Amino acid sequence: MSSNTNKLIILDRDGVINEDRDDYVKSSDEWIPLLGSLEAIALLNHAGYQIAIATNQSGIARGFFGMNDLDAMHNKMEKLLQPLGGQIDSIFFCPHTDAQQCDCRKPLPGLMKQIALHYKKNDSDSPLSGVPIVGDSLRDLQAGVALGASPHLVLTGKGQKTLSKGGLPEGTEIHQNLLAFTNTLLGTKS
């Protein structure tokens, strides 16, 4: 594992990598990758990037699914990535609801602090400076920007709705989906 953030990308999960559901993604059967998302991750890996996922998973605290279900979802994602030569380096998740007032539920930066410590141990106010954070909701971007990450909104999942509401962090780049983000970052055609 790298001890720096030079080649790190932070992704939200639901709505960025896989289909989002209003009733929560509760099982590996309900975990369905978005078109091109796994290929995008593999392309990023092939270009030397490590992928960290930061995801709110309050369905655990709400009793909609358990840790074994979450593990099964992530195992499915990893198995689908393998034939493409892709992998997820790390997954950070918040199992809490808003009512539990934790510091790891996005938009609070707790998950981002965990990621910063995992990849780059420093006490800087902006330890994720320049690291892309890719999400489909304002809270994804806010959590990353709090530690200096570069915000990227994808229009999949809740992305269109997020864009229409406005109020995005300064400098937010907009992409159709994760593959379009990847092609822009890597300078390849969409």
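**Entry 1: the surroundings of alanine 61.** I looked up which residues alanine 61 touches in this predicted model, and, not counting residues up to four places away in sequence, I found Pro95, His96, Thr97 and Gln100 (contact means heavy atoms within 4.5 Å). Alanine 61 lies in the loop between β2 and α2, where helices (H or I, at least four residues) and strands (E, at least two) are DSSP runs numbered from the N terminus. With a relative accessible area of 39%, alanine 61 is partly exposed, since buried means under 20%, exposed over 50% and partly exposed in between, using a 1.4 Å probe and protein chains only. I also noted that its C-alpha atom is separated by 31 Å from that of aspartate 125, 64 residues apart along the chain.

**Entry 2: threonine 97.** I then turned to threonine 97, which belongs to the loop between β3 (90-94) and α3 (110-119). Is threonine 97 buried or exposed? Its relative accessibility is 14%, so threonine 97 counts as buried. Leaving aside neighbours within four places in sequence, I found threonine 97 in contact with Ser58, Ala61, Arg62 and Arg105.

**Entry 3: rings.** I looked for aromatic pairs, for which ring centres of Phe, Tyr and Trp (its six-membered ring) must lie within 6.5 Å, with planes under 30 degrees apart counted as stacked, over 60 as edge-to-face and the rest as tilted. The count came to one pair. Tyrosine 24 is partly exposed at 27% relative accessible area, and phenylalanine 64 is partly exposed at 43%.

I also looked up a charge over a ring (NZ of Lys or CZ of Arg within 6 Å of the ring centre and within 35 degrees of the ring normal), and found the charged end of lysine 7 over the ring of tyrosine 49, 4.2 Å from its centre.

**Entry 4: α1 and α6.** Finally, I looked up which residues join these helices, and saw that Ser37, Ala40, Ile41, Leu43 and Leu44 in α1 meet residues of α6 including Leu178, Phe181 and Leu185.

**Entry 5: how I read the values.** Residues are numbered from 1 along each chain as its sequence is written, and side-chain values use heavy atoms, with hydrogens and water left out. Local features need pLDDT of at least 70 and side-chain atom pairs count only at pLDDT 80 or more, whereas totals for chains, interfaces and linings use all residues.
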